[in-house]
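This note collects points for a colleague reviewing the structure. Please read each one alongside the sequence and the coordinates.

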Amino acid sequence: MNATGYSDHCIESELGEPRTLIFSQRNLVKILPFRCAHFEFEDTIAQIDNAAILGPRIDPSRHRESIAKTLAYHTPLRLNPGVGEVALPEHFELFFAICGNPTDLLRINAIGDWRSRCRKAICLIDEVWAREVRDYRNYLRMLRQFDLVVLYYSQSVGPVDEMIGEKKCTFLPPGVDTIRFCPYPDSPPRLVDICSIGRRSAVTHKAFLGMAAKHGTFYLHDSTSADQVLNPIEHRMLFANIAKRSRYFIVNPGLIDRPEQRGNQIEIGNRYFEGAAAGCILLGERPDNGQFETFFDWADAMIDLPYNSPDAEAIVRELDQQPERQARIRRKNIQQSLLRHDWAYRWEAVLKSVGVDPLPSLFARKEQLRQLAEEVTDDVVLSSRAPSYVVSRSEMPLKRQDDFGHPKA
C-alpha cells in the first residue's frame with residue numbers, strides 16, 4: 001500500500017485484509033520537519049505489511065489540547081485533547097503508533113477502546129531524554145497498556161522502564177527509506193559541496209562560510225527557522241534529492257548544543273542514517289554512547305570533525321586530495337545503508353520482538369535492497385576511469401560527473 005492520503009479515517013491496505021493498525025499523528029499536529037521521518041516509516045510499513053493507517057483530526061481552534069497537556073503534566077488526569085472518537089469495527093493483530101515525544105500519548109488515549117481490538121500493541125517514541133522522564137511521568141505511565149515500547153534513545157530505556165514499572169522498552173535506532181535516498185541507478189552529480197541541516201556550531205559554520213567566500217564552495221545551510229512543513233512526502237523527496245547531490249554532510253549527536261536539556265546523554269540522530277544512505281561523506285561529532293560503533297562499524301563510516309572546530313577547511317581540503325578514498329567511503333555508506341538501515345529492517349525487528357512473522361512483501365523489499373546494493377558494487381568495480389574529484393564550485397569542470405567523481409558520458 002502506498003499511503004499518501006491524509007484522511008481522518010482508516011486508509012485501507014491494498015495488500016489484503018489489514019492485520020496492523022497504524023495510529024498516525026499526521027493530521028493531529030503542526031507538521032514539524034522531524035515528524036516527516038515518522039510518516040516515512042509509517043508509509044513504508046504500509047507498503048510491506050497489511051496495514052491500515054488511522055489519521056484522526058484535532059480541532060486546532062480550541063484550547064482543549066493545551067489544557068489537557070497541562071493537566072497531564074501535573075496530575076494523572078487524561079482528558080481528551082480534542083480528538084474525535086473513532087469506531088473500529090475490525091480486530092487487528094497489531095497496533096503501532098509513533099510519538100514525537102511522550103505528550104503525543106494523550107492523543108492515542110483519546111480514540112476510545114482501541115486496545116481491546118488489537119492483540120499486540122507497540123509504541124515508538126522518538127525523543128525522551130533520561131533527565132526528563134520524571135517530568136513526563138504521567139504521560140509515560142500510559143505506556144503500561146502497550147506490549148512493547150521502542151525508543152530511539154538507548155540511554156533512556158532503563159529510566160523509562162523504571163517509570164512504567166515493567167520491562168517493556170527496547171532500543172531501536174532510527175532508519176530511513178534507503179530506496180528513496182539511494183543515488184542509484186541514475187546518479188546525479190554532486191553539486192553541493194557541504195550540506196548542513198539543523199543544529200550547527202557557530203564556529204564551524206563561520207569556517208564553512210569562509211570557504212564559500214574564498215573558494216566559491218557551495219555551502220548549503222539553513223537560513224530560516226522552519227516550524228512547519230507544507231507536505232511531508234514532498235519534503236522528504238526534496239531532502240533526499242539534496243542529500244544525493246551533496247559531497248559532505250554534517251552530522252552531530254541529538255541536541256548537541258542543549259546540554260541543559262539532554263545532560264550528558266549522547267544519542268544517534270537521524271542525520272547519520274540519511275546522509276550515509278545518500279552516499280555522502282559524513283563529517284561531524286562521533287556519538288560516544290556504546291551504540292554508534294555497532295551500527296556504523298565499517299571503515300570511514302564518518303570523518304571526525306569536532307563540534308566547534310575552526311579547522312573544518314583543512315579537514316575538507318585533505319579529503320579532497322583523496323578521491324579513491326572518497327569513492328570507497330561513498331560506496332560503503334550506500335551499501336551498508338541498503339543492507340542494514342532501511343525501514344524494512346526496523347519493522348522486521350519490531351515484529352520479531354512481539355513474535356509476529358513478517359509478510360512476503362517485507363522479504364520482497366529486502367531482496368530489492370540487496371539487488372540495489374549489488375548494483376552499487378558493480379558500478380564501482382566495473383569503472384576503470386580514475387576519479388576527477390570536484391574540489392570547489394569555482395574549480396568544477398564543465399563535464400558532468402557521477403557520485404564518485406567519474407566523468408559521465
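1. A residue is called buried here when its relative accessible area is under 20%, exposed when that area is over 50%, and partly exposed in between. The structure under review is a predicted model. Of the 409 residues in the chain, 56% are buried.

2. As to secondary structure, the chain contains 15 helices and 12 strands. Contacts between residues at least 6 apart in sequence were also examined: 74% of them join residues at least 24 apart.

3. The accessible surface of the chain amounts to about 17500 Å². Carbon and sulfur atoms account for 50% of that surface.

4. Pro185 belongs to the loop that runs between α6 (178–181) and β8 (192–196).

5. The backbone of Asp300 has a positive phi, near 60 degrees, although the residue is not glycine. Asp300 sits in the loop between α11 (292–295) and β12 (303–304). Because its relative accessible area is 23%, Asp300 counts as partly exposed.

6. Asn308 is likewise a residue other than glycine with a positive phi, in this case near 65 degrees. Its position is in the loop between β12 and α12 (312–320). Is Asn308 buried or partly exposed? With a relative accessible area of 41%, Asn308 is partly exposed.

Key: Residues numbered from 1 in each chain as written. Predicted model: local features only at pLDDT ≥ 70, side-chain atom pairs only at ≥ 80, totals over all residues. Heavy atoms only, no water. Helix = DSSP H or I, 4+ residues; strand = E, 2+ residues; numbered from the N terminus. Buried < 20%, exposed > 50% of the residue type's maximum accessible area, 1.4 Å probe, protein only. Contact = heavy atoms within 4.5 Å. Areas by Shrake-Rupley, 256 points an atom, 1.4 Å probe, with all protein chains shown as cover.
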